[in-house]
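Please look over the sequence and the structure shown here before reading on. The paragraphs that follow go from single residues to the sheet and then to the core.

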Amino acid sequence: MKKSPLLALISIASIGFALSACSTPDTPALTAAAVAPKDGGLAMPADYTRWPVFKLDVQKKEARQIRDIYVNAIGTQARAGGAFPDGTQFVMEIHSVKLNPDGTPLLDDNGKMTKDKLSKVFLMAKGPGWGDSAPAALKNGDWIYTAFEGNGTRAGADQSSCRSCHLPLADKDFVFHYDAYFKQRAGLETAPLTRLAHADAVATAHRGY
Ligand code: HEC
């Protein structure tokens, strides 16, 4: 099809513009880092309850919470001993538990706490260069963090606390249930891990959210 002279002129002009934009040294480059989300800026994934399960029914007696953790399909490509690939997302639901009149958790016949309400949804995700925006002392690789209320609105969380609590887990790609997950995937008996003892000790801080 023959282009009208006017259209041809517009095309030439836009090519010229595109070329000059590329060659101008002070044009800000649209790199991955420039568009990377930052702490607090992740969107809640709509379909995460259909994602592969990472760990369900984590009973936090002291914190009076039950936590369910999901990982997206990309994350399941990780291999034991390695890091999770770019594009991995973890979602952790934090549920309050039913209480007795005296404020202690109401336990079922198996001695387990039962869920009351979804109080928070915590998200961590990684992508190329995403960690660049984090303060150097709190850099958790390329992971970034965002917290939501149970109703899906963004929570006014201080993500430096997310970072400092996950920071000691550098050898596990900053993921708490790393060992348990890979053991379970390998079909092995899940042995109690010293790391999880640490997890229990620090988990009460989640109460603040
Ligand atoms: C006081 C320490 C602490 C703080 C602060 C903290 N976390 Fe965690 N986080 C944990 C522990 C412990 C687990 C493992 C689940 C469990 O056993 O409770 C965990 C698990 C997670 C997981 C599931 C993946 C994994 O590591 O197993 C996500 C996602 C997560 N946290 C996000 C966040 C976000 C977002 C924040 C900040 C809003 C945050 N965390 C703050 C201790 C912390």
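A residue is called buried if 20 or more other C-beta atoms lie within 10 Å of its own, exposed if 12 or fewer do, and partly exposed in between, with C-beta atoms placed from the backbone. By that rule Asp173 counts as partly exposed, because it has 18 C-beta neighbours inside 10 Å. The model is a predicted one, in which local features need pLDDT of at least 70 and side-chain atom pairs count only at pLDDT 80 or more, whereas totals for chains, interfaces and linings use all residues. Residues are numbered from 1 along each chain as its sequence is written.

Asp173 has a positive phi of about 50 degrees although it is not a glycine, and it lies in the loop between α3 (159-166) and α4 (178-185). Helices (H or I, at least four residues) and strands (E, at least two) are DSSP runs, numbered from the N terminus. Arg64, which is not a glycine either, has a phi near 55 degrees, again a positive value, and its place is in the loop between β1 (53-60) and β2 (65-71). Arg64 is partly exposed, because 19 other C-beta atoms lie within 10 Å.

The strands on either side of Arg64 belong to an open sheet of five strands, in the order β1-β2-β3-β4-β5, with antiparallel pairing; two strands are taken to pair if DSSP finds at least two bridges between them. Because β1 and β5 (143-149) stand at the edges and each have a single partner strand, one side of each is left without a neighbour in the sheet. Strand β4 (residues 115-126) is joined to β5 by seven bridges, the two running antiparallel, and Lys120 has Glu149 in β5 as its bridge partner. Val53 and Tyr181 are 128 residues apart in sequence, yet their C-alpha atoms are 9.7 Å apart in space.

A nonpolar core is a set of buried Ala, Val, Leu, Ile, Met, Phe, Trp, Tyr and Cys residues joined through C-beta atoms within 7 Å. The largest such core has 25 residues, of which Phe54, Phe90 and Met92 touch the most other members. At least two residues of this core come from each of β2, β3 (89-97), β4, β5 and α4, and β5 gives the largest share, five residues. Leaving aside neighbours within four places in sequence, Phe90 is in contact (C-beta atoms, placed from the backbone, within 7 Å) with Phe54, Ile69, Val71, Gly75 and Met124.

Terms used:
Two residues are in contact if their C-beta atoms, placed from the backbone, lie within 7 Å.
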